Amino acid sequence: MKKIFITGCCGYIGSHTCVELLDAGYEIVGLDNFSNSKPSVLERIKKITGKEIKFYEGDMLDKNLLEKIFNENEINMVMDFAAFKSVGDSVSKPIEYYIDNVSSVLTLLSVMKEHNIKSLIFSSSATVYGTPEFVPITEESKTGGTTNPYGTSKLFVEQILKDLYKSDNDWKICIFRYFNPIGAHQSGLIGEEPNGKPANLMPYISMVATKELEYLSVFGDDYDTKDGTGIRDYIHVVDLARAHIKGAEKLNKEKSGLFIYNLGTGEGYSVLDMIHAFENANHVSVPYKIEARRPGDIAECFADSSKAEKELNWKATLTLEDMCKDAYNFTKNRKEK
Ligand code: UD1
């Protein structure tokens, strides 16, 4: 029996993971409150996979709803994608962020415990490393020093999960620290759909390319990097989604344990690299202006993902060109609708 409960199943990473899991033969029970996603994603997942999710609309903070879901379905693992993820909003709305990203996980964990379901994959972020002491970043690198409530909420949940595991070794927990997920499903049906003006680089570049936005502001060209712009480890969202299948296989195999993995490609690209890669992949132009640094940004962040490769037999396989093509394809599709 392979039934997985997915919170945030219609969101950016959740929806791509649903597709990969359904294709791999897993059954899914999904929850979403559509706070940053759309009901049409369910139809699009069905169109891609030919399979359906058993869906519940609602909030992870709603304990009664979680009880109902666990009573009505024989769930044996949970993947938790439901969270707010805007760094800027988290600074102006810390209470909302801590409620949504931390309290909701506590609600989920308490219901899981009551139902004796102790297998969890949690979506964390490279942001827990704060300003990295060195790159590439390994899982042993120091965490902390996060610069915003979003990052701190991920750090808090990691600590909660470590404390939980310490208190009860029956738990099987996998924490994935995502680097910078970009791109979209090859079908062009699902992808990143930010509400309003995007804050992240790739959706912004895509919308400049489709002329929905005039130009990209490059936040700083005076970092200590090869061309002065910030360097990140961009990873195709489908590669990231596939890691969750490996994570599920690992947890199904293990008796207990808390496992932490970086999910990145190990390659660092600058903002200017990304603009040029996007232009070359899609034969479009992306006008940009160099502007001031964005507060809270770091110069360089990329992963050592060899632990995931060794222990999960997972490795990112999609290229920067794939990421750029798929992101543009999705943005164009979205615009035409
Ligand atoms: C941020 C968060 C990360 C979160 C991710 C996705 C931090 C430190 N990082 O990553 O935790 O998972 O968003 O929500 O909290 N850039 C521009 N112009 C733009 C937008 C971005 O030049 O209009 C630059 C940035 O300065 C940076 C790079 O592009 O160098 C990537 O930025 P972004 O896509 O926002 O991701 P991060 O800040 O790395």
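Is K325 buried, exposed or partly exposed? K325 is partly exposed, because its relative accessible area is 38%; partly exposed is the range between buried (under 20% relative accessible area) and exposed (over 50%), with a 1.4 Å probe and protein chains only.

This is a predicted model: local features need pLDDT of at least 70, side-chain atom pairs count only at pLDDT 80 or more, and totals for chains, interfaces and linings use all residues. Residues are numbered from 1 along each chain as its sequence is written, and side-chain values use heavy atoms, with hydrogens and water left out.

Start with the strands. Helices (H or I, at least four residues) and strands (E, at least two) are DSSP runs, numbered from the N terminus. Strand β1 covers residues 3–7, and five of its five residues are buried. In a regular strand the side chains alternate between the two faces of the sheet. Here K3, F5 and T7 lie on one side of β1, I4 and I6 on the other, and all are buried.

Next, the neighbours of β1. Two strands pair if DSSP finds at least two bridges between them. β1 pairs with strand β2 (residues 27–32) in the parallel sense, over five bridges.

Now the charges. Side chains of opposite charge can pair when their charged atoms come close. A salt bridge is a side-chain nitrogen of Lys or Arg within 4 Å of a carboxyl oxygen of Asp or Glu. The structure holds 17 of them.

One joins R242 to E20, with the closest N and O atoms 3.3 Å apart. This pair links distant parts of the chain: R242 sits in helix α8 (residues 237–253), E20 in helix α1 (residues 12–23), 222 residues apart. R242 counts as partly exposed because its relative accessibility is 35%. E20, at 11%, counts as buried.

Another salt bridge joins K46 and E52, at 3.4 Å from N to O. K46 is partly exposed at 32%, while E52 is exposed at 58%.

K325 returns here. Its side chain meets that of E321 in a salt bridge, 3.2 Å from N to O. Both residues lie in helix α11 (residues 320–336), four residues apart, about one turn of the helix. E321 is partly exposed, at 42%. Elsewhere, salt bridges that share partners join K38, R44 and E193 into one network.
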